[in-house]
Amino acid sequence: MHAQTVWVALGVALLLGVPPLGHVAGIGTLHDPVGSRHYDALAGLPGLAAPALPSNATAQPTLGWTHLSPGAAHGPGRRTAYAIGFVPTFGGVVLFGGWDGHSYLGDTWLFRNGTWSLIESNGPPPRAHAAMAFDDAIGGLVLFGGSSTAANVTTYFGDTWNLSSSGWVQLHLVSVSHPQNRASAAMAFDPEARSLVLIGGTNGAPLADAWTLRGFNWTPFAPARAPPARSGAALAYDESGGDLVLFGGESTSPKYLGDTWRLQNANWTLEPNSSAPPPRADAAFGFDLADGALVLFGGTNGSLLHDTWFLRGGTWLPARPPQSPPSVEEVQFAFDPTGGSMLLYGGWTGTAASNQTWVFRASPNATGWEAALTGPEPWSRSLSSLSFDRATGQDVLFGGKNPFPSGAADTYFGDTWVYGAGRWNAVSSNPAPSARAGAVSAFDPSLGGVVLFGGMNGTTYYNDTWLFRNGSWNPISMLHAPSPRAFAGLAEYPPADGILLFGGATPGLTPGSVAFVQDSWLFHNRVWSPLAAAGTSPSPRDSPQMVFDASSGGVVMFGGLQASPAGTTFALNDTWVFRHLGWTNRTTAVGSAPPARSEGDLVFDPVAAAAVLFGGIAASGRWTDLWEFAGGRWSMACRGCDPTTPTIDPAVFDPGEGAVLALAGYRLTSGDLFGRFASMQAWGPEPFVQATTVPVAGTDVGFPARAVAWWGGGLPPASISWKLPNASWVPGPTAGLLSRSAGNFTFTATISTAGNLTSTGTGILRVHGLPTLRLIAASLSVPVHTPLSISVDVLGGTPPMTASYQNLPNGCGAPAALNLSCRPNAVGAYAINVSVTDAAGATTSTFLQVNVSPPRPVPGPSLLAKWGTVGVIAGVLLVIVGVLAYRRREQIRRERRRAARREALEAMGLPPPGTGTKVPPGALAPKPPPAG
């Protein structure tokens, strides 16, 4: 059976602008445990009371997760690495900042009475990985640190902020010392010490220091024993034990930690680790007053986790619910006493930020993760399978695909939902069938569960068989099965205690072609058996409508899609009955049969004791008629049952509802609205807006972007209207609106249906200014064959950006990146032109003058060096000349003294020196002057 698309996208072109581009660096989670004293303030709030702790502290509660639709429809939008905490004075949970996968956020949201609302757009600068906790001593929400990244440079914050009823205020603390800038720190309030405790974090490397904030003073906290350095740790106050508990985090070696520390009497104690959760970082952690235990969820150990644990009396115990949220990291808990539950929002899925809101609570019927009464419903899809599970009294929906109206590739689903007691519940099972559409399913009474067979995902056709029983899927192994196919006919066949399958579409002989088959198979006791045709057999076809007719004891099949010899397809309107293991053609004996069709639905209604046929598609369009098959004859029950031409598929009779339930569709002139799972008798519950979406990146001032509202439910006719943010939005040249200024704008989509029923959904439109460029070069003049580096700094604009370069030097390519590095191989002056185009289509350019000079010669001795050498040589020569001159002068003096001596001896008649004659003593003594 084909299932029709369940939702509608109504688009309105809106001109948005773009926030600053940023990329998250590192990972970290921030937690906000709340002490019991925090809830004393609730007594003064209307309708709020502090929940009491469980009287039996050792009893293990039945734990459950509930998926709330406000997270998708009206929440803060996709984000991760945010900060969250309960604020008694606000009577709700406050969420700040984070990262949406493209931009850092600085908005503040309040979750109260099941609804998200924006309460503050001004405050701390946008950031992620900030630490935040409610400080009962000063009566405000305190935020510290965090980080943001731009142009591959991470900025770590070290500012302290306080949120009170008057808004955000930065605290200018009187203490001289304070924690250094960091992100991913853990922070919680210690009611016994009346102070906030902050520990660890990262500023590029894990930190091990701890601080306390009491009043407006940061004080270092250094007990004798402390946990080693880490970031992304889980920290919460244990109400039952009266102390702070720290778990896990990310370090250097080992990378992920799984130790548990308890802060008692100002000292850290390492707890026994035998039953602790596996090591991890960035998990959600907080004390659940309703359960009387600390609850831990998710995180990462290199792979994303989605397990749930609780800590009571010093012992870790796994919750192991049969269903759980998707694996995420960088999430946080906050206990919401107004709902008696732990609140979790968003997170990082590994590829994108999430926008889901979940609550964790204990209740007699909460056995796992489930969709609440106001929760989400199966996403837009067609070609799903739907069966009533008589063992549980619920309807089981699996898979399908969503052909998005934007023209993007089809999305195939592998999710499972069950419907009962007026609500949808999402089911998580591992293993489970792979994502596919066109699978068929039916209840098997012998196995006590729903059996699913076949399907396709656009390229592959399947022939595997699965059993859904007790809330989980399990494959059924077999040696022999029908050939791979999709869109077959399938119906329960109680006379053989089995399930009957007929026909379907299978891959053709040529690539991309499809062939129809006409074989019949019976599934019984986990075995597929081919049925030999007794007499005639229906012609090959896919998408026939089949159901077991309890009043006649046989399977009725009507219509389907068949191929002509020319290769085209056409719808059928023949009627066949399968009884006693054979087919009988009843086309000529049924009276006035319904017109030819496929993809309608045939359901047996025990109240009317008839098989009911509704809707379907033919070449002429979509059918709106309702037919009954009873006593072997067709009769029209309703013509034009809905003037908006619905098409329904699949559908089942739900005894709990006492009506046929279907995935119903409505056609509107302004677009398609596909109603939600509803009763054909009443056409379902009140309308709702599932989500409003805009391009994640946003757009520039003066450039258009689409805003889409997903909605359903309600009675036709239906209309949708949009409330624009303010007067700065003006009509543009196309069918849309243009914003004349940058900023974050809130728009509202409202659906109105018959009976004056309305529902609204909001979204934030981020409008950025037009991009401007600044080129930065390491050097404006480089020699040839040496590196040239140019970086493009873009201010404003919508990411992602692409760059183009003109007039580059030879040897430099033409990359589309914002950074260029090359080695020019040609000399010259180059006026390099760079143009950048952003995602909104805005283009801006600038240029940079760069000179490439000839290669520099090998450096020889400089003139100074040369003259220095000459000077040294000259100095040496001067010294030698000086020495020689000195020696010559001394020689002349000695010769003169010898000559004077010789002359003196000769004048006295004495022999000259050198003749061997001795001079008498006193001969040379000075003569006394003559007397008188």
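**Notebook: a sheet, a disulfide and a patch**

I started with Arg214, which is partly exposed at a relative accessible area of 45%; buried means under 20%, exposed over 50% and partly exposed in between, using a 1.4 Å probe and protein chains only. I am working with a predicted model, where local features need pLDDT of at least 70, side-chain atom pairs count only at pLDDT 80 or more, and totals for chains, interfaces and linings use all residues. Residues are numbered from 1 along each chain as its sequence is written, and side-chain values use heavy atoms, with hydrogens and water left out.

**Entry 1: around Arg214**

I placed Arg214 in strand 13; strands (E, at least two residues) and helices (H or I, at least four) are DSSP runs, numbered from the N terminus. I then looked up Val197, 17 residues from Arg214 along the chain, and found 9.0 Å between their C-alpha atoms.

Next I asked how strand 13 pairs with strand 12. Strand 12 (residues 195–199) and strand 13 (residues 210–214) run antiparallel and share four bridges; two strands pair if DSSP finds at least two bridges between them. I noted one of the partners: Ile199 bridges to Ala210 in strand 13.

I widened the view to the open sheet, which has four strands in the order 11-12-13-14 with antiparallel pairing. Strand 11 (186–190) and strand 14 (217–220) are its edges, each pairing on one side only. On average, neighbouring strands of this sheet are turned by 25° against each other, direction ignored; the axes are lines fitted to C-alpha atoms, and angles run from 0 to 180 degrees between N-to-C directions.

**Entry 2: cysteines**

How many disulfides does a search of the whole structure find? I got one, counting pairs of cysteine sulfur atoms within 2.5 Å. Cys812 is joined to Cys822, with 1.8 Å from S to S. Cys812 sits in the loop between strand 63 (802–806) and strand 64 (819–822), and Cys822 is in strand 64, so the bond ties together parts ten residues apart in sequence. The disulfide is right-handed because the torsion about its S-S bond is about 65°.

Are the two cysteines buried or exposed? Cys812 is buried at 13% relative accessibility, and Cys822 is buried at 10%.

**Entry 3: a nonpolar patch**

Last, I looked up a nonpolar surface patch of about 560 Å², made by Val872, Ile873, Val876, Leu877, Ile880 and Leu884. I found Leu884 in helix 2 (residues 863–907). Patch residues have over 30% relative accessible area and no salt bridge, with nonpolar side chains joined within 5 Å; a salt bridge is a side-chain nitrogen of Lys or Arg within 4 Å of a carboxyl oxygen of Asp or Glu.

Methods: Patches are made of residues with over 30% relative accessible area and no salt bridge: like charges are joined within 9 Å, nonpolar side chains (Val, Leu, Ile, Met, Phe, Trp, Tyr) within 5 Å. Accessible areas come from the Shrake-Rupley method with a 1.4 Å probe; for residues, only the protein chains shown count as cover.
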